Number of protein chains: 2
Amino acid sequence: MEGNASSDTRPHVVILGGGFGGLAVAHDLADTKARITLIDRRNHHLFQPLLYQVATAGLSAPSIAAPLRQILRKHANVTVLMDEARDVDLDHKVVKLARGDMPYDALVVATGATHAYFGHDEWENHAPGLKTLEDAFAIRRRVLVAFERAEREEDPAQRQAWLNFVIVGGGATGVELAGTVAEIARHTLPREFRRADPRRANVLLVEAGPRLLPALDPDLSDKAHRQLEKLGVQVRLDTAVTAIDADGVMLAGTPYAARTVLWAAGVAASPLGRKLGAPVDRAGRVLVEPDLSLPGHPDVFVIGDLAAVTQANGKPVPGVAPAAKQMGRYVAALLKARWRGQTDIKPFAYRDDGALATIGRMAAVAQFGRLKLSGILAWWVWLIVHIAFLIGFRNRMVVMLDWAWAYWTYQRHARIVTGIDERSDAQTTLPRDA
Amino acid sequence: MEGNASSDTRPHVVILGGGFGGLAVAHDLADTKARITLIDRRNHHLFQPLLYQVATAGLSAPSIAAPLRQILRKHANVTVLMDEARDVDLDHKVVKLARGDMPYDALVVATGATHAYFGHDEWENHAPGLKTLEDAFAIRRRVLVAFERAEREEDPAQRQAWLNFVIVGGGATGVELAGTVAEIARHTLPREFRRADPRRANVLLVEAGPRLLPALDPDLSDKAHRQLEKLGVQVRLDTAVTAIDADGVMLAGTPYAARTVLWAAGVAASPLGRKLGAPVDRAGRVLVEPDLSLPGHPDVFVIGDLAAVTQANGKPVPGVAPAAKQMGRYVAALLKARWRGQTDIKPFAYRDDGALATIGRMAAVAQFGRLKLSGILAWWVWLIVHIAFLIGFRNRMVVMLDWAWAYWTYQRHARIVTGIDERSDAQTTLPRDA
């Protein structure tokens, strides 16, 4: 379909995925001699670190997302296409898209990861994960509708089941969701209900491992644990979830009734990774060369959450936004060096800028090398860092205003339910006429 | 299910629908001796006059919607329930809800209207209407994806079909949608596309009657017509749409290829109206008594878009927000008078506060009695009136900021596509692999 490509001698770089990694490549190759085509099945870049705020009704979707073609509009050599990559023909250097073929000279695969259920795909209906805006809307709908259903429910046990929330997974997303749901129950909703008391909500954070936030040092895990408990979250460590259904979860063999279960436990790489013919790790991440290229294919690069990269200290590069950005910038620099005829290109080296996790109102933990922060100071750092990295001046302003508003009023302005709640009425004690 | 109701001697007023009418009843009966239950199948009140702005990516959904229970939280005698009315048992004074029965002493039915296709329900798939937030998201998705598909399309005729937009219906919604889609094509998108030129978009506004905005005086219809043409909209009057499918529309026997058709032509009252046993008009609106009660049932009232009411001058009361509000306030005052033992209650009288329609950037028409405005002055009046009537101080601020932003930058910040575009690929000339 790119019939005019052969008459164009500029190298054609195709980037699959408009996340932090893909966008970094496009930015750094903009205004070079290359023709760039960035392909994403969505029309927007998503600022995933704040996605939990959309899920918990604190921010509206457009505040943390921006159209890819708007972000890249000033770069005349960049074309943005909304399409979906299905496969790559490495021999002929062609990407197979849903709507046609796309030849490339260099290919950057940055299609990221989604949530995974460790072989229990049937759990997905009962415990939605959080990777896309649609996921965030589904979680928002479930959390808000649960309180509505509790208000509607006459049977005390059923009412409590609608007020019980389980969050599975004690990483950053699980900690953020648990803290925020507890804040909604304790501070945002109480005066608004007449029958069910939102303060009787139980928010249970379940982690299979021995501590929360395993990416941080153990003392910060403990601090996060204590801050969560202060916000009203019950934390259960060393507890595996062995079953999830419409009624609740099975925790180490004991059933716990909860109509709302949120999944923040597992991650799996985009299925495109397995189609590249290279070895992948257990999560489906591609084991790339030190220069992030696909083994045997120096013109194909895999970056971001889809790449399995090991640091000099033996630890894996974490699946976070700064790592994806660094990989994107590295690949752009590598390509520019190659085009200049340079051959001695250093391998990719990850620079750890630190880690942050917010817990709730004025509570967070942060770690920058040896510097560790917790509580209100970490919360301010978290706030400033996240606003600074948001794309678009307008979004920064709006998110700041939304947060100031939420802070002073305890209100969460995006408490709007759209779409249909998927949970069945099987358990409801009230008669339901067709 | 309301077992405790019999022990409570306070009159129980049930309100179905949390639109402008239902909310006005609840507000005016708050803090009386009555128990109020407001039931809506959504959790939010929607400021429908600005819904077209959500559909055209100018505003985010939470800016024009607010949770009903948040709006009414300060009134201890008001209970908000999220449920859906299926039927009314007038003899036993019980509302049949999806999740149980609800007895009432007085009932206010304010479930509004939706769009209608004049017996052509099969058109709905090809030409979505605009009544709910979900509708707005569907229209936003269609409009934005159409430009994406044009950019992806190689065949010139197919590309143009993706750039052709037809809006059916020349009332306020049709005029607003047409003006805004033209503005997006001409001002927001041009620099962002590399292959398709959004300025080649055709926006066609089709009206079966002899003029636009039939609710206004003919000279204002003409002014609106001219302002739309200046914005780049093609207006076709006296033109009936006789068919709509995935390829486009049939206009007075001539096919017009357009992959995006929006419906702003017909309105039908909520189906609950026909279940009340009273005569209804052609659109399904209930022919109420002069005091807005259901014939033969003085404790049941029908208000807002669901009620067919005739003014003293013989004209029907229009289906607009101020009319619904006035009816709600009237019913609340009537109930309060009855509870005081008063019997000589005057019939409902509609007070016409004027009519407004916006057309696009700095273009609008307005009519207040004999005073008529058009152009930039009408636009300012429109802006101020709509911000003033928005619920919530925060929403007023945010909408003002969003508009100021859009005005200066020509950007529309909510250009985020979520969900799946329903249009088939049948016509696409590119191969599509499974």
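This is a predicted model: local features need pLDDT of at least 70, side-chain atom pairs count only at pLDDT 80 or more; totals for chains, interfaces and linings use all residues.
User: Where is the place of B:Arg142?

Analyst: B:Arg142 is in helix α4 of chain B, which covers residues 133-152.

User: Buried or exposed, that B:Arg142?

Analyst: B:Arg142 is buried, because its relative accessible area is 3% and buried means under 20%.

User: What does the side chain of B:Arg142 reach at 2.8 Å?

Analyst: The backbone oxygen of B:Asn125. B:Asn125 is also one of the residues that B:Arg142 touches.

User: Switching to rings. How many aromatic pairs are there over all chains?

Analyst: There are 18 aromatic pairs over all chains. One of them joins A:Tyr117 and A:Trp263, a stacked pair with 4.8 Å from centre to centre and 25 degrees between the planes.

User: Why stacked?

Analyst: Planes under 30 degrees apart count as stacked, and the planes of A:Tyr117 and A:Trp263 are 25 degrees apart.

User: Where in the chain do A:Tyr117 and A:Trp263 sit?

Analyst: The pair links distant parts of chain A, 146 residues apart. A:Tyr117 is in the loop between β10 (113-116) and α4 (133-152), while A:Trp263 belongs to strand β17 (residues 260-263).

User: And what is the relative accessibility of A:Tyr117 and of A:Trp263?

Analyst: A:Tyr117 has 3% and counts as buried. A:Trp263 likewise has 3% and counts as buried.

User: What sits over the ring of B:Phe193?

Analyst: The charged end of A:Arg69, 4.0 Å from the ring centre.

User: OK, symmetry then. What rotation superposes chain B on chain A?

Analyst: A rotation of 180 degrees, with 0.0 Å of shift along its axis, superposes chain B on chain A at an RMSD of 0.0 Å. That is the relation of a two-fold axis.

User: Which residue of chain B comes closest to the rotation axis?

Analyst: B:Ser60, with its C-alpha 3.3 Å from the axis.

User: How do the copies meet?

Analyst: They meet through the same surface, because 100% of the interface residues of chain B are also interface residues in chain A.

User: Back to helices. Which residues of α5 in chain A are buried?

Analyst: Helix α5 of chain A (residues 156-163) has the buried residues A:Gln158, A:Ala161, A:Trp162 and A:Leu163. Their cover includes α4, β11 (164-168), β12 (202-206) and β16 (254-257) of chain A.

User: What caps the N-terminal end of α5(A)?

Analyst: A:Asp155 does, with a side-chain oxygen 3.3 Å from the backbone nitrogen of A:Ala157.

User: Domains: what does the assignment give for chain A?

Analyst: The domain assignment gives domain 1 as 3-41 + 83-112 + 270-339 and domain 2 as 120-265 + 361-409. Taken over C-alpha atoms, 34 Å separate the centres of these domains of chain A.

User: Which residue has a positive phi although it is not a glycine?

Analyst: A:Lys93 has a phi of about 55 degrees and is not a glycine. A:Lys93 sits in the loop between β6 (85-89) and β7 (94-97) of chain A and, at 28% relative accessibility, counts as partly exposed. B:Met362, also not a glycine, has a positive phi of about 55 degrees. The place of B:Met362 is the loop between β23 (355-360) and β24 (363-368) of chain B; B:Met362 is partly exposed, at 29% relative accessible area.

User: Last one, A:Ala252. Buried or exposed?

Analyst: Exposed, at 58% relative accessibility. A:Ala252 lies in the loop between β15 (248-251) and β16 of chain A.

User: And what is A:Ala252 in contact with, leaving aside neighbours within four places?

Analyst: A:Thr239 and A:Ala240. A:Arg195 is 57 residues from A:Ala252 in sequence and 33 Å away in space, C-alpha to C-alpha.

Technical notes. Residues are numbered from 1 along each chain as its sequence is written. Chains are lettered from A and ligands numbered from 1 in the order in which they are written. Side-chain values use heavy atoms; hydrogens and water are left out. Rings of Phe, Tyr and Trp (its six-membered ring) pair if their centres lie within 6.5 Å; planes under 30 degrees apart count as stacked, over 60 as edge-to-face and the rest as tilted. Helices (H or I, at least four residues) and strands (E, at least two) are DSSP runs, numbered from the N terminus. Buried means under 20% relative accessible area, exposed over 50%, partly exposed in between (1.4 Å probe, protein chains only). A charge sits over a ring if NZ of Lys or CZ of Arg is within 6 Å of the ring centre and within 35 degrees of the ring normal. A polar contact is a pair of N or O atoms within 3.5 Å; within protein, one must be able to donate a hydrogen and the other to accept it, and residues adjacent in sequence count only if both atoms are side-chain atoms. Contact means heavy atoms within 4.5 Å. Copies are superposed by least squares on the C-alpha atoms of residues with pLDDT of at least 70 in both. Domain bounds come from an automatic or database domain assignment.
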